[in-house]
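Subject: A structure for you to look at

Hello,

I am passing a structure on to you, and my notes on it follow below. Please have it open while you read.

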Amino acid sequence: MSTNELSSLSALAIQANVADSPQKKSLSGKILIGVTGGIAVGLSVVCYPFVAPALRKHCLPYVPATVKQIDNVLASVRRGACSTSDKLLDIGSGDGRIVIAAAKRLHLEAHGVELNPWLVYYSRLAALKGGVFGQTKFYRKDLWKYDISGYNNIVIFGVEQMMADLEKKIQNEAKPESTIIACRFPFPTLQPTKTIEDGIDSVWVYRNVK
C-alpha cells in the first residue's frame, strides 16, 4: 500500500473518530434537545389561548364535545309548535361544534357564548366553512353576564363546581318551558325529565317550569 493511500485511510479514520467522539455526540444531543424544546414551546404558545380560560375563575374549560355527545344533545332538543322561533344557545361553546351541528342537522338558529376570543374566531370560520354562517352567531361574552332568556333550548357543558351557580342562573333567567340540556354533570337539585345514560357522554334534560 502506497504512502498516499495510508495517509488517506488515516484521514478517514480521524474523521470517523471525530464524528463518533463524545464531544460530537454531546453537541448533537444539545441540538436535538434544543429543537425538541423549541417545538414544545411553540405548541404551548399555540395551545395556550385555547386552554387559558380554564385557569380563570368562573370560566368553563375548553373540552371538545365528542361525536356521541353531539348526537345525544341534538336528540334532546325540543322543537316548538313554530319551529322558526326555536333558538339554541350553547353556554361555553368552545370550538362551536354543537352550535354548527344544531344549525346543520336541525336547521335551528343557534348561538354560542365563549370567553376565549381565539375559539370565537375559530367557530365563526368553521361556521362559514360549514355553510351555516347565516344561521349561527358566536359571542365573546362572560357567560355569567349573558342574558339567556331569549332561548328555548340551552346546552351546558359545565364542570361540577359550577353547576349550582348555573342552576341558579337557569332558574332566574331562562324562560318558562325552555329545555336545558346538561352534559357531563347534572344540576344539584333540579330533577331531569329525561336522562341519556352514556358514560362520559351522558346528558340530563330539564324543563324550566316557573
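Here is a question to begin with: does Phe133 count as buried, exposed or partly exposed? Phe133 counts as partly exposed, because its relative accessibility is 46%. Here buried means under 20% relative accessible area, exposed means over 50%, and partly exposed is in between (1.4 Å probe, protein chains only).

A word on the source. This is a predicted model, in which local features need pLDDT of at least 70 and side-chain atom pairs count only at pLDDT 80 or more, while totals for chains, interfaces and linings use all residues. Residues are numbered from 1 along each chain as its sequence is written, and side-chain values use heavy atoms, with hydrogens and water left out.

**The overall picture**

The protein has 6 helices and 7 strands. Helices (H or I, at least four residues) and strands (E, at least two) are DSSP runs, numbered from the N terminus. Read from that end, their order is α-α-α-β-α-β-α-β-β-α-β-β-β. The protein has 210 residues, and 37% of them count as buried. Its accessible surface is about 12100 Å², with 60% belonging to carbon and sulfur atoms; such areas come from the Shrake-Rupley method with a 1.4 Å probe, and for residues only the protein chains shown count as cover. Among contacts with a separation of 6 or more, 65% are between residues 24 or more positions apart. Contact means heavy atoms within 4.5 Å.

**The cores**

A nonpolar core is a set of buried Ala, Val, Leu, Ile, Met, Phe, Trp, Tyr and Cys residues joined through side-chain atoms within 4.5 Å. The largest one has 24 residues, and those that touch the most other members are Val73, Leu88, Ile98, Val155, Phe157, Ile181 and Cys183. Two or more residues of this core come from each of helix H3 (67-76), helix H4 (97-105), helix H5 (117-129), strand S4 (153-157) and strand S5 (179-183). H4 gives the largest share, 6 residues. Not counting residues up to four places away in sequence, Ile98 touches Ala65, Ile70, Val73, Asp90, Val155 and Phe157. There is also a second, separate core of 19 residues, which includes Ile91, Leu143, Met163 and Tyr206.

**Helix H3 and Arg97**

The buried residues of H3 are Gln69, Ile70, Asn72, Val73, Leu74 and Ser76. Their cover includes H4, S4, S5, strand S6 (194-196) and strand S7 (203-207). Beyond four places in sequence, Asn72 touches Ile196, Asp198, Asp201 and Val203.

Arg97, in helix H4, counts as partly exposed at 34% relative accessibility. Leaving aside neighbours within four places in sequence, Arg97 is in contact with Pro64, Ala65 and Ile70. Its side chain reaches the backbone oxygen of Ala65 at 2.9 Å. Arg97 and Ala126 are 29 residues apart in sequence, and their C-alpha atoms are 8.4 Å apart in space.

**Back to Phe133, and on to the rings**

Phe133 is in the loop between H5 and strand S3 (136-140). Leaving aside neighbours within four places in sequence, Phe133 is in contact with Arg124, Ala127 and Leu128.

Rings of Phe, Tyr and Trp (its six-membered ring) pair if their centres lie within 6.5 Å; planes under 30 degrees apart count as stacked, over 60 as edge-to-face and the rest as tilted. That rule gives 4 aromatic pairs. One of them is Trp118 with Tyr121, which is edge-to-face because the centres are 6.5 Å apart and the planes are at 85 degrees. Trp118 and Tyr121 are separated by about one helical turn, because they are 3 residues apart in helix H5. Tyr139 and Tyr146 have ring centres 5.7 Å apart and planes at 35 degrees, so that pair is tilted. Tyr139 counts as partly exposed at 24% relative accessibility, whereas Tyr146 is buried, with a relative accessible area of 12%. Tyr139, Tyr146 and Tyr151 form one aromatic cluster.

I hope you enjoy exploring it.

Best wishes

Note on methods. A polar contact is a pair of N or O atoms within 3.5 Å; within protein, one must be able to donate a hydrogen and the other to accept it, and residues adjacent in sequence count only if both atoms are side-chain atoms.
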